[in-house]
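Here are a few notes to read alongside the structure. Keep it open as you go, and trace each point by eye.

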Amino acid sequence: MSFTKQIREYSIKNPNTILDVSKVKDTVFSEIPYKTLLKILNRLEIEGVLSPVSKGVYYVGDKVVDEELIVTEYVENGKGMFVGYQLFNDIGISTYQDEKTEIYTNNIQSNQKNIGKYNLKYVDIVFEDNIIDLISLLEIIDAGYSIKECDFISYKKALDVLSHSYSDKYFQRVVKTIRYKFSTIKTLSGLLEQNGIINNCFEIYSSIK
């Protein structure tokens with residue numbers, strides 16, 4: 001089978017999906033020389049089989065990438081979570097609409113990738129529910145009162161609710177891969193103490209280089 005035919009057949013079998021060159025070059029198309037792969041993808045783009053989304057990222061088809069596809073590829077099934085104002089909107093602590101949508105994900109090869117309005121940041125962790133709750137708590141604390149159009153009653157309520165998802169085990173996993181400010185951890189410690197939640201967050205944070 002020719003390399004072009006192989007990529008065409010892949011496209012036929014995977015319509016309406018994202019094709020990330022950095023991922024497929026060493027997996028699905030590992031036997032295709034990299035420069036040859038890029039030339040074929042460029043040719044298929046001209047033919048309309050693929051649509052460019054950003055550098056090294058294609059949509060298999062001819063429509064614009066929407067949020068549903070981004071969620072499927074980079075968020076669902078433990079692959080990631082929304083952060084920034086999308087997170088704050090979802091939790092109900094801010095109505096501000098940011099032009100960029102931030103995502104932490106383990107499903108990209110580079111440290112960072114931009115796909116249209118989506119800013120993806122690589123985080124080496126499986127995003128299970130308890131991890132998502134803890135990261136949400138830390139992100140809210142980290143942003144603090146600088147959050148635009150913040151409903152501070154909802155802000156404080158979210159802190160109290162999310163603080164009950166805290167455990168040292170999950171905290172250790174999170175701070176190994178996302179380095180939060182010391183002031184954020186200090187605020188977290190005070191919140192946990194206020195809510196009667198036993199923790200060793202200072203010790204864990206200090207032990208991670």
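**Notes on the two sheets**

1. Start with strand 2 and strand 3 (residues 57–60): they run antiparallel, and four bridges join them. One spot to look for is serine 51, which stands opposite tyrosine 59 in strand 3. Keep in mind that this is a predicted model.

2. Now zoom out to the sheet around that pair. It's an open sheet of three strands, ordered 1-3-2, with antiparallel pairing. Strand 1 (18–20) and strand 2 (50–54) sit at the edges with a single partner strand each, so one side of each has no neighbour in the sheet. Ignoring direction, neighbouring strands here are turned by 35° against each other on average.

3. Which helices pack on this sheet? Helix 3 (residues 34–47) does, touching strand 1, strand 2 and strand 3, and its direction makes about 110° with that of strand 2. Helix 4 (residues 67–74) packs there as well, touching strand 1 and strand 3, with its direction at about 50° to that of strand 1.

4. On to the other open sheet: four strands in the order 4-5-7-6, with mixed pairing. Its edge strands are strand 4 (80–83) and strand 6 (112–115), each pairing on one side only. The twist averages 25° from one strand to the next.

5. Inside that sheet, strand 5 (residues 101–105) and strand 7 (residues 118–122) pair in the parallel sense over five bridges. Look for threonine 101 opposite tyrosine 118 in strand 7.

6. Finally, the helices here. Helix 5 (residues 84–91) lies across strand 4 and strand 5, at about 85° to strand 4. Helix 6 (residues 129–143) packs on the sheet and touches strand 4 and strand 5, its direction making about 25° with that of strand 4.

Notes: Residues numbered from 1 in each chain as written. Predicted model: local features only at pLDDT ≥ 70, side-chain atom pairs only at ≥ 80, totals over all residues. Heavy atoms only, no water. Pairing = 2+ DSSP bridges. Axes fitted to C-alpha atoms, helices over the stretch in contact; angles between N-to-C directions. Contact = heavy atoms within 4.5 Å.
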